[in-house]
Amino acid sequence: MNKLMKCSLPVGIAGIVINLIFFITNLFYELVVPFLEDSSIDGPLFHFLDALIFYTPCIFIVLFIALIVFGHIYKKKAYVKSEGKKTKVMIEKNAEVQKILDKKAEFLKYDYFSNCPNCGSPRNENEQNCSFCGASLIIRKIDEE
Ligand SMILES: [Zn+2]
């Protein structure tokens, strides 16, 4: 079903062209109608089947047009769905980046000791507390102007 919908346009056009040729040249009718004539069917049923065989390519043309239309709708829906997914991923990524930026901004609000005032171990980047003893490395809050 998925594959048929993906190539619905070329399949649809091929189907329409083939059935148009069948109908214009009367090829389908001439191929099939001898079987009807050889059968014992007669009366109104014969006329109905005769007409049905005559218009069969037209019925197929309508079906192939429907295939193209539904295929188009299907592809459009699939496209919207995939774009929605992409947007969602992008929003999630932006939120992650925003979190990192917020954290960075929070760090920049303070002055820090370069070495722990408690145990003397050096301060690692983006640390507010000593990674060895847990003592605060903040000297003071920078005044915001
Ligand atoms: Zn320490």
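**Helix packing and loop residues in a predicted chain**

Helix H2 (residues 8–25) packs against helix H4 (residues 44–107) with the two axes 8 Å apart and at an angle of about 165°. Axes here are lines fitted to C-alpha atoms, for helices over the stretch in contact, and angles run from 0 to 180 degrees between N-to-C directions. H2 is therefore roughly antiparallel to H4. Angles over 145 degrees count as roughly antiparallel, under 35 as roughly parallel, 65 to 115 as roughly perpendicular and the rest as oblique. The crossing of H2 and H4 is left-handed. A crossing is left-handed if the near helix is turned anticlockwise from the far one by less than a right angle, and right-handed if clockwise.

The model is predicted: local features need pLDDT of at least 70, side-chain atom pairs count only at pLDDT 80 or more, and totals for chains, interfaces and linings use all residues. Residues are numbered from 1 along each chain as its sequence is written.

On the H2 side, the contact with H4 is formed by Ser8, Leu9, Val11, Gly12, Gly15, Ile16, Asn19, Leu20, Phe22 and Phe23. Facing them in H4 are Pro57, Cys58, Phe60, Ile61, Phe64, Ile65, Leu67, Ile68 and Gly71. Of the residues in this contact of H2 with H4, 14 are nonpolar, five are polar and none is charged. Ala, Val, Leu, Ile, Met, Phe, Trp, Tyr, Cys and Pro count as nonpolar, Asp, Glu, Lys and Arg as charged, and the others, Gly among them, as polar. Two residues are in contact if their C-beta atoms, placed from the backbone, lie within 7 Å.

The axes of H3 and H4 come within 9 Å and cross at roughly 160°. H3 is thus roughly antiparallel to H4. The H3–H4 crossing is right-handed. H3 contributes Phe28, Tyr29, Val32, Val33 and Leu36 to the contact, and H4 contributes Phe46, Leu49, Asp50, Ile53, Phe54, Thr56 and Pro57. By class, ten residues in the contact of H3 with H4 are nonpolar, one is polar and one is charged.

The chain as a whole has four helices and two strands. Their order along the sequence is α-α-α-α-β-β. Helices (H or I, at least four residues) and strands (E, at least two) are DSSP runs, numbered from the N terminus. The radius of gyration of the chain is 38 Å, whereas a compact globule of 145 residues would have one near 15 Å. This radius is taken over C-alpha atoms, and the globule rule is 2.2 Å times the number of residues to the power 0.38. Along the principal axes, the C-alpha atoms fill a box of roughly 110 × 35 × 25 Å. Buried residues account for 6% of the 145 residues. A residue is buried if 20 or more other C-beta atoms lie within 10 Å of its own, exposed if 12 or fewer, and partly exposed in between, with C-beta atoms placed from the backbone. Among contacts between residues at least 6 apart in sequence, 51% join residues at least 24 apart.

Proline 10 is found in helix H2. Proline 10 counts as exposed because it has 11 C-beta neighbours inside 10 Å. Its C-alpha lies 8.6 Å from that of isoleucine 68, 58 residues away in sequence. Alanine 14 also lies in helix H2. With 12 other C-beta atoms within 10 Å, alanine 14 is exposed. Alanine 14 and leucine 45 are 31 residues apart in sequence, and their C-alpha atoms are 32 Å apart.

Most residues other than glycine have a negative phi. Asparagine 26 has a positive phi, near 65°. Asparagine 126 has a positive phi near 65°. Asparagine 126 is found in the loop between E1 and E2. Asparagine 126 is exposed, with 9 other C-beta atoms within 10 Å.

Proline 122 is placed in the loop between strand E1 (110–112) and strand E2 (138–141). Proline 122 counts as exposed, with 12 C-beta neighbours inside 10 Å. Beyond its neighbours within four places in sequence, proline 122 is in contact with Ser114 and Asn115. Phenylalanine 132 is ten residues from proline 122 in sequence and 9.6 Å from it in space, C-alpha to C-alpha.
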